[in-house]
Amino acid sequence: MEQYNVTGMSCAACQARVEKAVSQVPGVDSCAVSLLTNSMGIEGNADPGAVIKAITDAGYGASLKDDGSEKTSSVPNYDDQLKDTETPKIKKRLIASLILLIPLMYVSMGHHMLGWPVPGFLLENPLAIGIYEMFMAGLIMVINQKFFISGFRGLIHRAPNMDTLVALGSAASYGWSMYVLFAMSLAYKNNDMALAKELSGQFYFESAAMILTLITVGKLLEAISKGRTTDALKGLMKLAAKTAVVLIDGKETEVPIEQVKIGDKFVVRPGDNIPVDGFVVEGSSAVNESALTGESIPVDKKEGDTVSAATSNESGYMVCQATRVGKDTTLAQIIQMVSDAAATKAPIAKIADKVSGVFVPAVIGIAIVVFIIWLLVGQTVGYALARAISVLVISCPCALGLATPVAIMVGNGMGARQGIMFKTAVSLEETGKAQIVALDKTGTITKGQPKVIGTYQAKDVDDIDLIRVAFALESKSEHPLAKAIVEKAYEFGLEPAEVSDFRAIAGNGLSAVLDSTPIYGGNLEFISKQIEIDGEAKRFAQELAMKGETPLFFGMGKVFLGIISVADIIKEDSYDAIKDLKNMGIHVVMLTGDNEMTAKAIAKEAGVDEVVAGVKPDGKEAVIRQLQEYGKVAMVGDGINDAPALTRADIGIAIGAGTDVAIDAADVVVVKSKLSDVASAIRLSRQTLKNIHENLFWAFFYNIIGIPLAAGAYIHAFGWELNPMFGAAAMSLSSFCVVTNALRLNLFRINSSLRDKKIKNSLGNQPLIKTEAQEDNNSNNNQEEKNNMEINVKGMMCQMCEAHVKKALEELPNVSEALANHETGVVTLTTTGDVPEADMKSAVENAGYEFVGIK
């Protein structure tokens, strides 16, 4: 996306005019203009010069945004783009206007209505009062000439905007007052004092000045409020380091952040912000990553661990090596995502855009009609003009234009503070509409790392003895299950005992000699050959397997020591997160390549509505396609193999420190590996959309009620009549109210489920995928015939083993799918042609397991 700065826009009509002009430039595929950030995003290959010329020809200013150099600046220079230059200018204009308006209103309102004293020369000559008011109002108009320049330029380019309405209203008031002043001077010249006295009450100089001043007040309030909507983005920018301490020839040298290159080693002391992304090469510390993840608890970092720019070193001294600098750092990418989202347009904004395109011309037409009607019914020119001016100044297209972007910006800012990144305004709007959430199991629901679930020692055996023997065996193995047991042993403060004659028996188990006594560990089949296992232990192991756990048996000599149960456990927040999603009325589906028994055990523990087991990585996309027949689908994943499904889904959500491919394919990026943030993202989307609806309602309701009131439609029914000055005040407050309502989003508790509501079209918890076998995403269009065959494989002990065997066999020609079950030792192959037995044997053995044969 190419981004531009656009200047000179004052309302939604300007925004629509710029979009219309740019959309006609060759090479522009899509264009979205943001009134909130005065920016524009363009998709396509249009010539920037042609784009800028189109905007200039439309009567506005434009320049290409500077996104920083390729690999130099720690964060691209967004500061200039978000720097508030307008508020100080508006403040100066307002102060000058008020200094002149107060004495003007003292004479025009205080003297005439309240009888306040005035200097003698004004008291004796009403014509002098008119000249005084003309002079003071004229100065205020000069101070606020921006309205007239912008407004009449819009008229010249046949693109009237909000400034046009203000300029016409103020100019009409001033012009009519000038005419009355001229007529009064003629009356004095002709000594017609009665006419002169009558005309002295028809001045609208104060209205011309008050309209401009009140609109300026509204612009100031709006500018301040709009500035607050980008506070989250500005806060992220302030975290970027300006310098870094780099090791040059072994010496610490402080250099500007622009000079840090990939491969440089830099030093981070306690209290310093980490300047660029990298990894620790020396030292250790606790790093506060709350700026990026929202987590306030520091994360321990040691050699080899990654660190990110803008995170804070809490305690230790570290030497790190730069891996990503400039616009490639995590911080820069987060800022870019938020900025891009602000430069895009939500679908709901199209309603306001369509209205805004014709709003100002329609209001000018209504004002002319109102003026004529009041003249036709016998009212004076001054009265009819007052009604027409009220119509002009009360109408506010600005509120319509701001209704959506301010809420989008605040919502994006809230998400960024929580580590939830919406790439576009569309994704922020659509996420909350999801009816089905499909969750990849490994790394999303579960941790993706086996852990010891429990130790179940035999009678008269101490748990420490069981773990000590298991530790002695497993410390020599590289198997994922072995690592889980080793971690558990270290928690007990144990050190691995020295063993001899260590053997790994074809994946079935391990054996060694400890203190002159043989020790064994492995699955039931292997241990049963060494030691007698009683029926109660076997039944207990079966129960563990049905819960999705892998039971590992251990023995010493001829004595059975017990069972250690290992499993890929679900994350701490997964159950509550899935419960929150279900309470929102969302149908939750778990996708996994595990066998059905294991999958159902994990699904039951996690609490999902439906589980689809045995899904190949490239088959997830086919499942998503089936689910989309029932409603909008959000897919949550973290790996490369999730990318097709993330792209296919209506909303793709990449969770945790997912792969770059997954992040690129996703619409929403969740920085933390917490499934609860998916619920938070949906919750935030729904609340933002609700806020947009409120803003649009206020913007439309205000104009529907305000314009007839200004036109005098309620005078005969209720006696309601609107002075142009009060119309200007109402216009000023309308935009302020819309922006303030959007800022209320900052008070929303994104992680609280107390106010969650079920969607009306909830799908419930009934399974949507009826068939057990899933569509093969790689099948040919000619529907070539498929055959199933089963082979026996020894040595599979867990889900990780299943995955290894599955991967090895699916790489063979003509094997479209392999479903392994470590409990039965059977692998079911789906083939599209002949597969030599020798090839299958070789693939299984190369993966580290024993090929028994074809069933």
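The legends below describe an overview and several close-up views of one predicted model.

Residues are numbered from 1 along each chain as its sequence is written. In this predicted model, local features need pLDDT of at least 70 and side-chain atom pairs count only at pLDDT 80 or more, whereas totals for chains, interfaces and linings use all residues, and side-chain values use heavy atoms, with hydrogens and water left out.

**Figure 1. Overview of the protein chain, with 32 helices and 30 strands.** Helices (H or I, at least four residues) and strands (E, at least two) are DSSP runs, numbered from the N terminus. Of the 855 residues in the chain, 55% are buried; buried means under 20% relative accessible area, exposed over 50%, and partly exposed in between (1.4 Å probe, protein chains only). The accessible surface comes to about 37,300 Å², and carbon and sulfur atoms account for 55% of that surface. Accessible areas come from the Shrake-Rupley method with a 1.4 Å probe; for residues, only the protein chains shown count as cover. Among contacts between residues at least 6 apart in sequence, 70% join residues at least 24 apart. Contact means heavy atoms within 4.5 Å.

**Figure 2. Packing of helix α7 (residues 145-156) against helix α8 (residues 162-189).** The two axes are 7 Å apart and the packing angle is about 110°. Axes are lines fitted to C-alpha atoms, for helices over the stretch in contact, and angles run from 0 to 180 degrees between N-to-C directions. Helices α7 and α8 are therefore roughly perpendicular to each other. Angles under 35 degrees count as roughly parallel, over 145 as roughly antiparallel, 65 to 115 as roughly perpendicular, and the rest as oblique. The crossing of α7 and α8 is left-handed, a term used if the near helix is turned anticlockwise from the far one by less than a right angle (right-handed if clockwise). From α7, the contact takes in K146, F147, F148, S150, G151, F152 and L155; from α8, D163, T164, V166, A167, L168, S170 and A171. Sorted by class, the contact of α7 with α8 has eight nonpolar, four polar and two charged residues. Here Ala, Val, Leu, Ile, Met, Phe, Trp, Tyr, Cys and Pro count as nonpolar, Asp, Glu, Lys and Arg as charged, and the others, Gly among them, as polar.

**Figure 3. Packing of helix α19 (residues 463-474) against helix α20 (residues 480-491).** The axes lie 9 Å apart, at an angle of about 130°. That angle makes α19 oblique to α20. Helix α19 passes α20 in a left-handed crossing. Residues I467, A470, F471 and E474 of α19 make the contact with A482, I485, V486, A489 and Y490 of α20. The contact of α19 with α20 has eight nonpolar residues, no polar residues and one charged residue.

**Figure 4. Helix α23 (residues 574-583) beside helix α28 (residues 676-711).** The axes come within 8 Å and cross at roughly 25°, and α23 and α28 are therefore roughly parallel to each other. The crossing of α23 past α28 is left-handed. On α23, residues A577, D580 and L581 meet S676, A679, I682 and R683 on α28. Four nonpolar, one polar and two charged residues make up the contact of α23 with α28.

**Figure 5. Helix α24 (residues 596-606) and the residue just after this helix.** The buried residues of α24 are T598, A599, A601, I602, A603 and A606. Just after α24, G607 takes a positive phi of about 85°.

**Figure 6. A310 and D501, two residues other than glycine with positive phi.** A310, with phi near 80°, is found in the loop between β11 (306-307) and β12 (312-313). A310 counts as buried, at 4% relative accessibility. D501 has a phi near 55° and lies in strand β17 (residues 500-505). D501 is partly exposed, with a relative accessible area of 46%.

Figure 7. V793 is buried, with a relative accessible area of 4%. Leaving aside neighbours within four places in sequence, V793 is in contact with G825, V827, V844, Y849 and E850. V805 is twelve residues from V793 in sequence, and their C-alpha atoms are 8.8 Å apart in space.

**Figure 8. E206 of helix α10 (residues 205-229).** E206 counts as buried, at 8% relative accessibility. M105 is 101 residues from E206 along the chain, and their C-alpha atoms are separated by 6.5 Å.
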